[in-house]
Amino acid sequence: DADADGASNIGLIRLAKASGAATLSRRVAGSSTGGQRLRPSVAATFNGEFAAAWESDHSGVPGVWTRSFSRTGAALHADVEAAAGGTGASIGLDGQGGTVVAWTAAQDVWVRGYHPDGTDTGRLAAQQLTRVAAGKQEGIAVAVSHWGEVSAAYADDNDGNTWDQIYLGMGVINTGW
């Protein structure tokens, strides 16, 4: 509750590899105020850029939000809503700073790509990963290679017996280079 409004924020800090000492002052990931911001996910490049995704209800509707940062911790863009009504945020980051955000909505899993500036033109369009309509799909984790190749894993109870199967892989890409 960094802004003392009685609701949770998503905090950021970077730790040194060798000692674990803080190398980036503590700060808040999102610029929104009010509402709860919960369940963060973070991804980083080898040279220190990073991005975060989280759940927030600050707009009056729960959703998944994202923001990218330079290696110095400066925000590269304003908060971007990836999914109104989404939960369970996960994020991956490629070598050029492009991100892929994943979430669950209405018991289905989704992904969407962004440029380093938070825009999405020409990036991976929002798409549902679920291939079976029955049951629930949730608990998604996404990873993005240096070249923008996307991999995901999620739980899928497509037969409705409460026993989940884990699905892997995607075969999609978030970049044109």
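## Strand β3 and its partner

In this predicted model, L38 stands opposite E55, a residue of strand β4. The two strands involved, β3 and β4, run antiparallel and are joined by 6 bridges, with β4 covering residues 50–56.

These strands belong to an open sheet of 4 strands, arranged in the order β3-β4-β5-β6 with antiparallel pairing. The edges of this sheet are taken by β3 (37–44) and β6 (80–84), and because each of them has a single partner strand, one side of each is left without a neighbour in the sheet. On average, and with direction ignored, neighbouring strands of the sheet are turned by 20 degrees against each other.

## Aromatic pairs

How many aromatic pairs does a search of the whole structure find? The search finds 2 such pairs. A pair of aromatic rings is described by the distance of the centres and the angle of the planes.

One of the pairs consists of F50 and F69, whose ring centres lie 5.0 Å apart and whose planes meet at 15 degrees, so the pair is stacked, given that planes under 30 degrees apart count as stacked. Since F50 lies in strand β4 and F69 in strand β5 (residues 63–69), the pair ties together parts that are 19 residues apart in sequence. Both F50 and F69 are buried.

W103 and W110 also form a stacked aromatic pair, with 6.4 Å from centre to centre and 5 degrees between the planes. Are these two residues buried or partly exposed? W103 has a relative accessibility of 4% and therefore counts as buried, the limit for this being under 20%, whereas W110, at 24% relative accessibility, counts as partly exposed.

## The hairpin of β8 and β9

The two tryptophans can also be placed in their strands: W103 stands opposite W110, which is a residue of β9. Strand β8 (residues 99–105) pairs with β9 in the antiparallel sense over 7 bridges. Together β8 and β9 form a hairpin that has 2 residues between the strands, and in the turn A106 has a positive phi of about 50 degrees.

## Strand β9 and its surroundings

Strand β9 (residues 108–114) has 7 residues, of which 5 are buried, so this strand is largely enclosed by the rest of the structure. Besides its pairing with β8, β9 pairs with strand β10 (residues 127–128), again in the antiparallel sense, over 2 bridges. In this pairing V111 stands opposite Q127, a residue of β10.

Technical notes. Residues numbered from 1 in each chain as written. Predicted model: local features only at pLDDT ≥ 70, side-chain atom pairs only at ≥ 80, totals over all residues. Heavy atoms only, no water. Pairing = 2+ DSSP bridges. Axes fitted to C-alpha atoms, helices over the stretch in contact; angles between N-to-C directions. Buried < 20%, exposed > 50% of the residue type's maximum accessible area, 1.4 Å probe, protein only. Phe/Tyr/Trp six-rings, centres within 6.5 Å; stacked < 30°, edge-to-face > 60°.
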